[in-house]
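Subject: Structure handover

Hello,

The structure you asked for is below.

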Amino acid sequence: MGSIALPVEFLKEFEAGLNPRFPERSAIPARVLGYGEIGTTLEIAGHDGLACKRFPMFYSEEEAINYQALHDAYIKILREAGLNVAQSETVRLEHGGRWIVYIFQEKFPAESIGHRAIHILAPGETRRLVAQVVAELRKIFTFNRLHRGEREVGIDGQISNWAIVGFDARSGLGPEVKLVYFDTSTPLMRLGGREQLDPELFLRSAPSFLVWLIRWLFLPDVMTRYYDFRQVAMDLLANFYKEQRPDLIPVVLEVVNEMIVEEGLRPLSLEEVRGYYRQDAWIWRTYLAFRKVDRALHHITGRPYPYILPGVIKR
Ligand SMILES: Nc1ncnc2c1ncn2[C@@H]1O[C@H](COP(=O)(O)OP(=O)(O)O)[C@@H](O)[C@H]1O
Ligand SMILES: [Mg+2]
């Protein structure tokens with residue numbers, strides 16, 4: 001496989017002309033493929049077919065290097081556990097006194113990505129898709145069980161993190177569902193029981209007036225929930241609300257619960273999933289509102305705001 005990363009000189013030029021508020025109006029225009037809590041996935045003009053994920057939160061080159069190494073090690077473990085992970089390459093560069101890391105991946109067709117596919121597939125096929133996602137997740141939790149206290153990985157199983165290989169919207173899923181996992185930017189990994197990802201990196205994009213609150217209220221939960229099969233499955237299900245398909249939850253709940261029970265865990269109920277979603281949606285909506293306040297404060301005081309924020313998200 002050849003390298004897919006863009007050269008650092010080009011990225012410097014891109015950064016110099018970037019309009020974080022309106023990326024499509026940048027000197028080198030870019031289209032947003034997806035917003036994350038800390039990073040943004042872009043398609044940069046002249047480089048169609050490439051997904052470029054931008055993480056502008058590093059204070060030093062050393063921090064950026066550590067993150068890149070962790071990202072690579074994380075993918076290695078996911079693959080060792082049996083996951084098909086997108087080819088994913090990183091580049092770091094300095095800009096405006098900060099270090100930025102880019103992750104490059106092949107851009108998967110929009111309709112092949114889970115949260116789009118569930119709007120195209122028949123309910124029975126969505127059920128098969130979700131069953132395959134949970135089967136993939138189980139590989140990770142089996143790996144974690146086998147290597148407990150030694151090497152463990154956390155994973156975000158949301159439907160929007162998987163692409164269906166060779167998907168053709170006209171012919172549906174086909175006899176075999178093959179998935180590729182591409183959300184590699186939160187490399188949660190424990191070595192000898194110790195978390196390797198510095199959670200402070202994620203607080204960097206948070207408004208300074210909220211940092212203490214998040215550190216106290218949310219961080220402990222966020223850093224552990226991705227290691228818990230039942231919680232990851234719950235997150236996957238609750239996601240169907242955000243993706244405007246709550247009607248599908250009863251359809252997929254059954255197949256998810258089958259595997260949860262096989263793992264010796266308590267099955268999920270519809271009420272529990274709904275409650276979880278309400279709380280989660282509230283947290284993120286509130287958080288985004290505060291980030292916009294923070295952006296406005298940066299603007300008023302003449303400080304550059306490096307993050308790309310979404311508009312209104314329907315949840
Ligand atoms: N390789 C890719 N090809 C096409 N779209 C992508 C790709 N990577 C990310 N995206 C889009 O961006 C969204 C967010 O990217 P993701 O890697 O899941 O990061 P995060 O969820 O941490 O922000 C995805 O749900 C998808 O819509
Ligand atoms: Mg994601």
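Helices (H or I, at least four residues) and strands (E, at least two) are DSSP runs, numbered from the N terminus. By that count the protein chain has 10 helices and 10 strands. This is a predicted model, in which local features need pLDDT of at least 70 and side-chain atom pairs count only at pLDDT 80 or more, while totals for chains, interfaces and linings use all residues. Residues are numbered from 1 along each chain as its sequence is written, and chains are lettered from A and ligands numbered from 1 in the order in which they are written.

Overall shape

The C-alpha atoms of the protein chain fill a box of roughly 55 × 45 × 40 Å, taken along the principal axes. For 315 residues, a compact globule would have a radius of gyration near 20 Å, and the 19 Å of the protein chain agrees with that. The radius of gyration is taken over C-alpha atoms, and the globule rule is 2.2 Å times the number of residues to the power 0.38.

Of the 315 residues, 30% count as buried. A residue is buried if 20 or more other C-beta atoms lie within 10 Å of its own, exposed if 12 or fewer, and partly exposed in between, with C-beta atoms placed from the backbone. Two residues are in contact if their C-beta atoms, placed from the backbone, lie within 7 Å. Among the contacts with a separation of 6 or more, 64% are between residues 24 or more positions apart.

Domains

The domain assignment gives domain 1 (8-106) and domain 2 (110-300); such bounds come from an automatic or database domain assignment. The centres of the two domains, taken over C-alpha atoms, are separated by 21 Å. Across the boundary, 22 residues of domain 1 are in contact with 20 residues of domain 2. On the side of domain 1 that touches domain 2, the elements giving two or more residues are S3, helix H2 (61-80) and S5. H2 provides the largest share of that side, seven residues. By class, the side of domain 1 that touches domain 2 has 14 nonpolar, seven polar and one charged residues. Here Ala, Val, Leu, Ile, Met, Phe, Trp, Tyr, Cys and Pro count as nonpolar, Asp, Glu, Lys and Arg as charged, and the others, Gly among them, as polar.

Ligand 1

Where does ligand 1 lie relative to domain 1 and domain 2? Both domains give residues to the shell around ligand 1, so it lies between them. Of the 18 residues around ligand 1, Gly34, Gly36, Ala51, Ser160 and Asp183 come nearest; a residue is near a molecule or strand if its C-beta atom, placed from the backbone, lies within 6 Å of it. The shell has six nonpolar, nine polar and three charged residues. Strand S1 (30-35) and S5 each supply at least two residues of this shell.

Strand S5 and its partners

Seven of the nine residues of strand S5 (residues 98-106) are buried, so S5 is largely enclosed by the rest of the structure. Two strands pair if DSSP finds at least two bridges between them. Strand S3 (residues 50-58) pairs with S5 in the antiparallel sense over seven bridges, and Lys53 has Ile103 of S5 as its bridge partner. S4 and S5 form a hairpin with two residues between them, and Gly96 in the turn has a positive phi of about 55°.

A three-stranded sheet

Three strands form an open sheet in the order S6-S9-S10, with antiparallel pairing. Strand S6 (151-153) and strand S10 (194-195) stand at the edges with a single partner strand each, so one side of each is left without a neighbour in the sheet. S6 is joined to strand S9 (residues 189-191) by three bridges, and Arg151 has Leu191 of S9 as its bridge partner.

Two loop residues

Leu121 is found in the loop between helix H3 (114-117) and helix H4 (123-146). Leu121 is buried, with 21 other C-beta atoms within 10 Å. Leaving aside neighbours within four places in sequence, Leu121 is in contact with Thr126, Leu129, Gly172 and Leu173.

Gln244 lies in the loop between helix H8 (229-242) and helix H9 (249-262). Gln244 is exposed, with 12 other C-beta atoms within 10 Å. The phi of Gln244 is near 65°, a positive value in a residue other than glycine.

Regards
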